[in-house]
Amino acid sequence: MVELGVKHKNIDLSKYGIKPSIVNWNLTTEDLVSRTLELGQGKLNDTGALCVNTGKFTGRSPRDKFIVKDEITEHLVDWGQINNPISPLLFDSLYNTVCLHIKDQEIWVRGVKACADERYKLNILVVNETPWANLFCKQLFIRPEDQAITNFDADWLILQVPSFLAEPSIDGTRNENFTIVNFTRKIILIGGSAYTGEMKKGIFSVLNMSLPHYDKVLPMHCAANEGTNGDVALFFGLSGTGKTTLSTDPERSLIGDDEHGWAEGSIFNFEGGCYAKCINLTQEHEPQIYNAIKHGALVENTTFYQDSNQLNYSDSSITENTRVAYPIDYLEKIKSPSHGNEPTNIFFLSCDAFGVLPPIVKLNKEQAMYYFLSGYTAKVAGTEVGIAHPVSTFSACFGNVFLPLNPVIYANLLGEKLSKNEKINVWMVNTGWVGGPYGVGNRIKLAYSRQLIKSAIDGTIHQGGYNTHSVFGFQIPLKCPNVPNEVLNPRIQWDCPEAYDNAAIELAQKFVKNFEPYRKEANADIINASPITVRLANAS
């Protein structure tokens, strides 16, 4: 076996059953890029970024993700549509077959970390079939210090082999592609898909399982930034709600853009990089992301203008989910190391296409838990194939597909943390439509959303007082600097106030229906935070 690069002294791959012919250990960015180009697996764009195509899969395949059901997971995991079980016997057989598949091949290996707070550090050994997938891991996860590379002890193994295709009738998978998490053997096994996000979210799922049981750390699918006085803000939101845009603030330092933990006295990034969407990317609207696409960045599934090496960010012919991976220090204003104090403000971002939710509202603790469990937004025509009218979308804790445990566990953890610090403000921000639903009203101006968040953070939004929403019961601010007063109240912006009331009740009913699966596990305080009109109607 030929071994190249800086080897981990403490790691023998044979103990994992991995016996390749060539092992590339911890190669530099330059070497990984060069090898990708030599193999004909990528191309450089005009700014020096490496551009690749992930093949058949250009996004995650959540229905093909499995968790090994054994003594550790049997009574902990919330089994169902999200978390699919597979037996230890099937996993062991499939793992051995995958190892046999890469025997005598060339592979790329490196040690990386998750969790910027050293108290919860997770060492990850990554084994990839392609150099560019290894580059993704180098840029996305936290990179160990030079002295820690050779003396690296792995807590978890990711084995990613896209060329291996499962046989569902034999291997127990649903399709040829699969991602399987084994909490007993501490292995994430990926086959049949080259989409790199499977590795990123595989580790996120691991942390969502382990951290709540370890000192009650709350894992969160959110962005985080920090002000000059050390105040931290969190931004939760599903795709299209503006999480990346609104958390990137020239006056504040970015802690991270996607995954964080909330421990006693600390908000910390799980990652060392960003995985940003590229579709319709422009320097004017997203200058930090645009300028991060340079040497060392990995661009996925984005096409070039004809006969050039200039990327065409507006082309979605391969996928709407075009992506770029880069280290967080490619951005200009970041917090280093990537952790800060407990939050002062928390924002739930929702793109409400029904025009019901106000541009910003203040939530009490119970409402915060309720709307955290709801994880609401709406999809509009053009965002996905087959959508002609607005469709409500709920994803518990703004990331249901990544949660091995019952979502109520995470909501309760949030409630405990809010109870310990009553000075934390929780807000819901509607970045969607005002003045009517999609097709009638208009999407709220980005400048207004930015100002509302700025005023919430600096406290000026409190000065005008609040009104209580008649259906949802949350608090609507009456004034905000540099935002017209009428913008704050959606009802008075509708041509027909009665039509607004009907739309509000209809949306409230969607929330109540979505909440039903959690009613059995949720406490009375969360249940009583449901929309007022609907709750009273149900009671009568």
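User: What makes the contact of lysine 454 with aspartate 458 a salt bridge?

Analyst: In this predicted model, the closest N and O atoms of lysine 454 and aspartate 458 are 3.7 Å apart. A salt bridge requires a side-chain nitrogen of Lys or Arg within 4 Å of a carboxyl oxygen of Asp or Glu, so the pair qualifies. Both residues belong to helix 11 (residues 446-458), where they are four residues apart, about one turn of the helix. In general, residues three or four places apart point the same way, because an α-helix has 3.6 residues a turn.

User: Why is lysine 454 called partly exposed?

Analyst: The relative accessible area of lysine 454 is 39%. Buried means under 20% and exposed means over 50%, so lysine 454 falls in between and is partly exposed. Aspartate 458, at 41% relative accessibility, is likewise partly exposed.

User: How do you know that lysine 200 and glutamate 271 form a salt bridge, and are these residues buried or exposed?

Analyst: The closest N and O atoms of lysine 200 and glutamate 271 are 2.7 Å apart, which is within the 4 Å limit, and therefore the pair counts as a salt bridge. Lysine 200 is in helix 6 (residues 197-210), while glutamate 271 is in the loop between strand 16 (266-269) and strand 17; the two are 71 residues apart and link distant parts of the chain. Lysine 200 has 3% relative accessibility, and glutamate 271 has a relative accessible area of 3%. Buried means under 20%, so both residues are buried. Lys200 and Glu271 also belong to a network of salt bridges that includes Lys201, Lys243, Asp258 and Glu259.

User: What makes arginine 174 and aspartate 64 a salt bridge, and which parts of the chain does the pair link?

Analyst: Their side chains meet at 3.1 Å, N to O, and this value is within 4 Å, so the term applies. Arginine 174 lies in the loop between helix 5 (168-171) and strand 10 (178-182), and aspartate 64 in the loop between strand 4 and strand 5 (65-68), 110 residues apart. Arginine 174 is partly exposed, at 39% relative accessibility, whereas aspartate 64 is buried, at 2%. A search of the whole structure finds 21 salt bridges.

User: Why are strand 3 and strand 17 called edge strands?

Analyst: The open sheet of five strands has the order 3-4-18-19-17, with mixed pairing. Strand 3 (43-44) and strand 17 (273-277) each pair on one side only. Strand 3 runs antiparallel to strand 4 (residues 50-52), to which two bridges join it.

Key:
Residues numbered from 1 in each chain as written. Predicted model: local features only at pLDDT ≥ 70, side-chain atom pairs only at ≥ 80, totals over all residues. Heavy atoms only, no water. Pairing = 2+ DSSP bridges. Buried < 20%, exposed > 50% of the residue type's maximum accessible area, 1.4 Å probe, protein only.
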